[in-house]
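Have the model open while you read.

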Amino acid sequence: MKAVEITNNIFWVGAIDWGVRDFHGYITPSGTTYNNYIIMDKDITLLDTVKYDYSHETIKNIKTLTDPSKIKNVVINHIENDHVTSLEDIMYLAPHATIYITEKGKKGLDKFFDTSKWNIKVVKTGDTLNTGSKTLLFLETPMLHWPDSMMTYIKEDKVLISQDAFGQHIASSVRFDDELINCESITFLDDGVIDYYANILMPFGQLIKAKISDIQKLGLEIEIIAPDHGIIWRSNPKKVIDMYLDMANGKADESVAIIYDTMWHSTEAMTIPIMQGIKDEGLKCKVVKLRATPMSVAIKEFWKSRGCLVGTPTLNNIMYPSVAEFLTHLRGLRPKNRIAGAFGSYGWGGGAVRDAYEEFKKMGLEIVEPGLQVLYKPSHEDEQKCYAFGRDFAIKVKEYHKKF
Ligand code: FEO
């Protein structure tokens with residue numbers, strides 16, 4: 001690879017991770033990139049670093065533009081490992097550089113590294129750094145998605161270095177949205193945005209709205225959004241901002257996701273008439289079998305639909321473990337604006353459907369009760385009940401969807 005100019009002497013110098021499939025438990029079927037950027041101005045300024053395994057890659061890219069020892073400033077927008085663990089290698093090559101970071105970022109940096117020899121300047125929202133011909137404006141974005149997080153806006157070029165926000169886990173030979181749409185599809189890119197939001201940013205919808213509103217109040221024009229993962233938005237940055245606002249405001253498809261697991265195919269057999277009932281009410285239905293599907297994909301499918309039905313057999317009087325794992329994961333993401341229900345088969349005393357509703361109640365989701373339980377295996381009569389259950393749930397989803 002070599003450095004890629006995104007505009008007026010601002011270059012991408014990051015790394016592409018084609019092979020990562022498990023990103024701290026988040027399954028990434030399309031790999032990812034670790035994006036960082038360098039401003040080739042009077043004072044050469046590096047914005048973020050990359051994951052440690054790719055230090056050599058970003059250093060090689062930087063060397064296509066300059067001797068790394070000439071780096072004057074290093075801006076650290078976020079201290080999670082995938083963006084900061086090559087900082088030591090950078091500072092070894094540019095020991096006199098000054099690091100710009102938030103107060104909470106510095107506290108983290110002090111834990112990760114021996115920072116005693118580094119020049120570190122703590123910055124807050126509104127602080128600026130002049131690099132010669134460019135002005136960098138720092139914007140703290142706490143809890144988007146870590147306490148230390150911030151973004152950097154380059155005023156003269158209207159470029160927002162947005163750190164994790166607006167990113168996607170997509171490894172590609174191209175760097176920009178218009179290029180990706182040409183070689184993949186717009187759906188592929190949109191899906192990458194939704195997947196990232198659902199799995200990382202779902203809990204922070206209100207903060208996202210507030211922070212976007214803050215940026216809009218500052219009157220900052222944005223022509224390019226350059227995130228720390230995936231594709232850079234240069235043809236239509238407004239599109240991803242609108243997608244974020246829509247998702248934060250509760251936008252979802254008027255559809256149902258059936259997310260289930262099964263022991264001996266009885267719960268699975270229930271999904272077919274339930275799905276038919278949903279479809280006969282005119283709604284799209286996505287069916288996801290948990291142990292056959294990465295957790296992050298199940299979370300994304302939950303997030304895309306207004307309604308979710310969870311199917312779980314009872315095992316030892318409680319939920320099936322893979323379903324419990326899904327619901328635990330989901331609860332941590334604090335979902336909102338979704339309606340849910342549960343069904344499942346049992347052999348002895350039941351209990352799984354009850355447990356699923358308890359989880360939904362902890363999440364504060366709208367629920368449709370009662371759920372549906374079937375002893376051992378659905379009979380013809382049970383299948384008719386499943387069909388009616390699916391239709392009834394779809395009607396409730398349509399009613400609930402009108403609120404948005
Ligand atoms: Fe890409 Fe929060 O790290």
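Q: How many salt bridges does the rule find across the interface of domain 1 and domain 2?

A: A salt bridge here is a side-chain nitrogen of Lys or Arg within 4 Å of a carboxyl oxygen of Asp or Glu. By that rule, two of them cross the interface of domain 1 and domain 2. Also on the list of salt bridges is K300 with D191, at 2.6 Å from N to O. Keep in mind that this is a predicted model, where local features need pLDDT of at least 70, side-chain atom pairs count only at pLDDT 80 or more, and totals for chains, interfaces and linings use all residues. Residues are numbered from 1 along each chain as its sequence is written, and side-chain values use heavy atoms, with hydrogens and water left out.

Q: How many residues of each domain are in contact?

A: Contact means heavy atoms within 4.5 Å. Twelve residues of domain 1 meet eleven of domain 2 that way.

Q: And how much area do the two domains bury between them?

A: Buried area is the accessible area (1.4 Å probe) that two parts lose on being put together, summed over both. For this pair that is about 1,200 Å², with 62% on carbon and sulfur atoms. In domain 1, N199, M202 and P203 lose the most, together 44% of what that side buries.
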